[in-house]
Amino acid sequence: MSQNADHVLDHFDLFRGPEYQEMLANKRNLFENRRDPAEVERIREWAKTEEYKEKNFAREALTINPAKACQPLGAVFVAVGFEGTVPFVHGSQGCVAYYRSHFSRHFKEPTSCVSSSMTEDAAVFGGLNNMIDGLANTYNMYKPKMIAVSTTCMAEVIGDDLNAFIKTSKEKGSVPAEFDVPFAHTPAFVGSHITGYDNAMKGILQHFWDGKAGAAEKVERKPNNSINFLGGFDGYTVGNLREIKRIFNEMGIEYTILGDNSDVWDTPTDGEFRMYDGGTTLEAAANAVHARATISMQQYCTEKTLSFIADHGQEVVAFNHPVSVKATDRLLMEISRITGKEIPESLARERGRLVDAIADSSAHVHGKKFAIYGDPDLCYGLAEFLLELGAEPTTVLATNGGKDWAARMQALFDSSPYGKNCKVYPGKDLWHMRSLLFTDPVDFLIGNTYGKYLDRDTGTPLIRIGFPIFDRHHKHRYPVWGYQGGLNVLVTILDKIFDTMDLATNMPSKTDYSFDIIR
Amino acid sequence: MSVAESESVAEIKARNKELIQEVLKVYPEKTAKRRAKHLNVHEAGKSDCGVKSNIKSIPGVMTIRGCAYAGSKGVVWGPIKDMIHISHGPVGCGQYSWASRRNYYIGTTGIDTFVTMQFTSDFQEKDIVFGGDKKLAKIMDEIQDLFPLNNGITVQSECPIGLIGDDIEAVSKAKAKEFGGKTIVPVRCEGFRGVSQSLGHHIANDAVRDYVFDKLDPNKPALFESTPYDVAIIGDYNIGGDAWSSRILLEEMGLRVIAQWSGDGSLAELENTPKAKLNVLHCYRSMNYISRHMEEKFGIPWCEYNFFGPSKIAESLRKIASFFDDHVKEGAERVIAKYQPLMDAVIAKYRPRLEGKKVMLYVGGLRPRHVIGAYEDLGMEVVGTGYEFAHNDDYQRTAQHYVKDGTLIYDDVTGYEFEKFVEKIQPDLVGSGIKEKYVFQKMGVPFRQMHSWDYSGPYHGYDGFAIFARDMDMAINAPVWKMAKAPWKNDDKSKLLAAE
């Protein structure tokens with residue numbers, strides 16, 4: 001027995017003890033009907049080959065370890081960013097349990113969201129009664145200022161009509177007629193969580209700008225000097241939105257962040273649970289129609305929303321998750337152009353500090369090869385930054401990236417000498433990535449928490465940047481946007497490079513001549 | 001911290017009843033009427049907890065429950081390690097449940113073992129419109145091609161499958177034949193079926209019956225020679241290694257564990273199980289169905305047990321041993337004696353720090369009752385408990401064997417109710433899930449996740465109890481909880497509570 005009260009052994013050590021090892025070996029040998037270890041080893045090696053990669057890339061139907069989630073997740077992400085808003089997902093209830101868990105595991109924060117809890121009878125008769133009862137309950141229990149409705153695939157397959165259902169619910173008195181219930185159809189079998197972000201954001205703006213589904217007059221746009229800001233689906237939303245606000249305040253700009261979830265996912269532990277905190281006010285969301293322009297940080301998250309906004313007469317400018325110096329330069333210059341405000345010296349100093357940091361450190365990044373996966377815009381922004389550091393983003397993969405994205409990535413590669421050997425993989429998954437890491441090895445992998453399996457299997461050190469990050473804490477509090485964000489990304493990359501160097505050189509009398517104290 | 005410290009049972013009952021009335025006020029009338037049936041104050045001597053259960057959740061109330069898919073793929077089938085489980089339908093369900101349940105296992109992932117992978121048919125619009133059967137067939141071909149060492153495939157249906165009329169049974173049957181009798185299991189666990197995870201457990205159990213047991217080849221040579229001491233562990237998902245820290249005790253007392261259902265389990269182990277002399281059942285809720293089936297079909301008796309905390313472990317070891325001869329009975333005594341010093345040391349160390357602390361629980365279908373003994377071993381008291389997806393037989397077991405007079409009972413609790421109950425009762429610890437964790441920590445209430453063991457564990461068995469005790473102490477007595485209030489802010493709220 002190895003367990004003891006003075007030094008309690010956790011699962012890490014407990015099961016490595018001889019009693020457990022013997023027990024597990026017996027279990028394997030007697031009862032599991034395991035494959036011959038030599039055969040397992042043979043297949044393990046085979047799965048590293050070009051031949052396996054070809055088979056793997058010939059897949060037409062099966063998806064393995066995708067780097068994407070489904071639409072309603074994006075809709076919930078949007079909804080919690082509005083003042084006093086409860087996301088209401090119409091369909092099966094298990095989905096909502098999943099979204100709430102997913103966000104809570106990433107942000108280490110509560111995520112409030114309700115379901116209309118449709119079951120078999122609703123599958124047959126439709127979910128109207130679930131909507132009627134659900135809206136009434138949510139309204140009474142949680143006293144929201146707004147309920148933002150989206151759908152699970154169940155409601156989509158049976159063809160529930162949100163517009164009609166919400167109207168009927170209001171007629172039945174579930175919520176007052178003037179109460180704001182924007183909606184978006186978010187079928188899980190179309191696009192991904194970034195599509196859901198787009199649809200939900202568009203749904204909310206449409207509600208406020210286009211006459212609240214017939215319940216009010218359309219707002220007549222009277223252009224002002226303000227600008228709207230869309231972050232897109234972003235795992236760093238807490239740090240990023242605060243950084244963006246700081247930059248805007250520094251520049252003296254009037255702005256509206258549409259979907260500001262930076263407070264609700266970063267509430268204090270002070271004895272009070274805040275189901276709602278911060279968020280874009282409903283008034284601000286309505287008035288956003290008058291803005292001079294709308295800026296989106298993530299083009300592929302906001303395609304429909306931006307075209308909707310453009311149709312209302314605003315200038316729209318989309319970026320691809322700017323991280324690099326050049327990309328942030330462009331962002332600031334565009335904001336300056338649109339608003340007529342000068343970029344203050346303080347930001348020029350920040351820029352200089354990031355350039356200074358790159359100058360100090362780029363020797364350690366230069367020439368290194370990276371594989372990146374994640375949402376399309378994030379991939380673009382990170383690849384652009386790596387090129388700026390003299391690194392080669394040789395493998396860039398987005399499960400939810402399309403042809404248009406792939407073409408833009410290629411154009412980016414073509415714009416830099418370091419992009420010469422780089423390839424883009426739209427619509428592929430992390431099992432494709434696994435093959436690529438074996439056949440076309442890189443020095444480092446950048447991705448979310450699931451990348452740790454690729455790190456384990458292929459020995460490619462993982463740099464955790466993306467969503468979700470479940471197994472490291474608090475990263476979402478630090479921005480990856482603005483010059484400060486670029487600095488954070490640089491440091492994250494450098495830390496892994498140095499740790500990897502140290503690990504590779506720490507064997508006494510074998511490799512430790514390179515175990516340098518100064519790097 | 002507890003305000004209930006000095007109250008009598010009668011006072012507690014009155015307060016809890018009042019509390020129930022208070023939370024019900026927030027609902028529209030129809031909802032209040034329905035929710036009232038799920039909330040109660042336990043009366044000692046009653047045969048159940050006096051609540052309705054296993055009934056549809058009410059729309060819009062923020063139920064904590066999941067779905068049938070979660071019950072089948074997430075709980076029952078997902079941990080079977082040498083089979084590939086296809087999340088059949090759109091991408092989300094498989095994504096959110098990917099590797100999040102901590103079913104530990106040994107194996108070469110991606111080669112002969114597949115638990116922490118996400119296989120999905122990633123349905124697109126065209127699959128909904130034209131049906132997904134052809135795609136499913138192709139997926140099975142691709143699995144065979146890329147993962148030749150898989151020992152079987154299951155099809156875990158997501159909502160659309162049952163709505164668009166796909167025939168996954170036909171596809172599975174055809175492919176099983178094509179692949180030379182391979183085990184391919186279609187599971188009809190669409191998320192809209194039933195009212196919670198619970199029906200998913202049942203459907204998954206039935207699928208084992210229909211596609212594993214009923215297809216057993218009687219002429220297939222046995223993997224091992226039977227002994228009179230062969231048992232199977234049923235309903236242990238090996239969260240953080242729970243089944244391992246249980247198995248070791250059963251083996252030490254002279255039994256031989258021929259199968260684990262389903263944590264660290266394999267298809268062969270499912271197939272072995274009809275050879276067991278006794279099925280020992282931990283999670284009654286999720287696997288009583290298959291235990292009853294094996295009793296009827298193969299004449300295997302089954303016995304519920306509880307490996308949380310030394311009192312229940314000793315009771316359970318003796319109960320299990322009572323099905324066997326003296327060799328095993330003596331073995332049970334030997335095991336209990338062997339671990340007694342460890343248990344004494346753990347309790348000596350932690351009980352003084354935890355004595356009298358009050359706990360509120362809200363978990364799935366077993367732990368809201370099963371862990372009570374472990375808390376009591378540490379001198380703690382469970383003052384409120386409830387289940388996401390229990391049935392009445394669970395509430396009977398709870399009432400008859402576990403909860404004290406006056407305990408607050410809440411079935412399928414809503415976010416609002418749970419928050420209000422905790423706010424008012426001010427327990428020293430809440431044990432529930434990830435969705436609840438941060439709500440209560442914000443309120444300054446210590447919390448442990450009782451589904452995932454908060455990334456710790458195992459909690460089963462003697463080795464697990466040491467970890468459990470350490471974790472509860474760590475949660476409750478962490479210095480952080482004294483820092484929630486800024487020192488310059490006046491503390492009106494807690495003064496008010498203390499004066500009550």
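User: Which strands of chain A does helix α15 (residues 325-339) lie across?

Analyst: This is a predicted model. Helix α15(A) runs at about 175 degrees to β8(A). The strands that α15(A) lies across are β5, β7 and β8 of chain A.

User: In what order do the four strands of the open sheet in chain A stand?

Analyst: The pairing in this sheet is parallel. β6 (255-257) and β8 (315-318) of chain A each have a single partner strand, so they stand at the edges. The twist averages 20 degrees from one strand to the next. The order is β6-β5-β7-β8.

User: What is the bridge partner of A:Ser296 in β8(A)?

Analyst: Strand β7 (residues 293-296) of chain A pairs with β8(A) in the parallel sense, over four bridges. In β8(A), the partner of A:Ser296 is A:Ala318.

User: What angle does the direction of helix α12 (residues 237-251) of chain A make with that of β6(A)?

Analyst: Helix α12(A) packs on the sheet and touches β5 (227-230) and β6 of chain A. Its direction and that of β6(A) make an angle of about 175 degrees.

User: Why are the buried residues of helix α2(B) on the same side?

Analyst: In α2 (residues 29-36) of chain B, the buried residues are B:Thr31, B:Ala32 and B:Arg35. They are on the same side of α2(B) because they cover an arc around the axis of only 100 degrees.

User: Which residues are exposed on the other side of α2(B)?

Analyst: The buried residues of α2(B) pack against α8 (128-142) of chain A, and against α1 (9-24), β1 (39-41) and α18 (415-425) of chain B. Exposed on the other side of α2(B) are B:Glu29, B:Lys30 and B:Lys33.

How values were computed: Residues numbered from 1 in each chain as written. Chains lettered and ligands numbered in written order. Predicted model: local features only at pLDDT ≥ 70, side-chain atom pairs only at ≥ 80, totals over all residues. Heavy atoms only, no water. Buried < 20%, exposed > 50% of the residue type's maximum accessible area, 1.4 Å probe, protein only. Helix = DSSP H or I, 4+ residues; strand = E, 2+ residues; numbered from the N terminus. Arc of directions from axis to C-beta. Contact = heavy atoms within 4.5 Å. Pairing = 2+ DSSP bridges. Axes fitted to C-alpha atoms, helices over the stretch in contact; angles between N-to-C directions.
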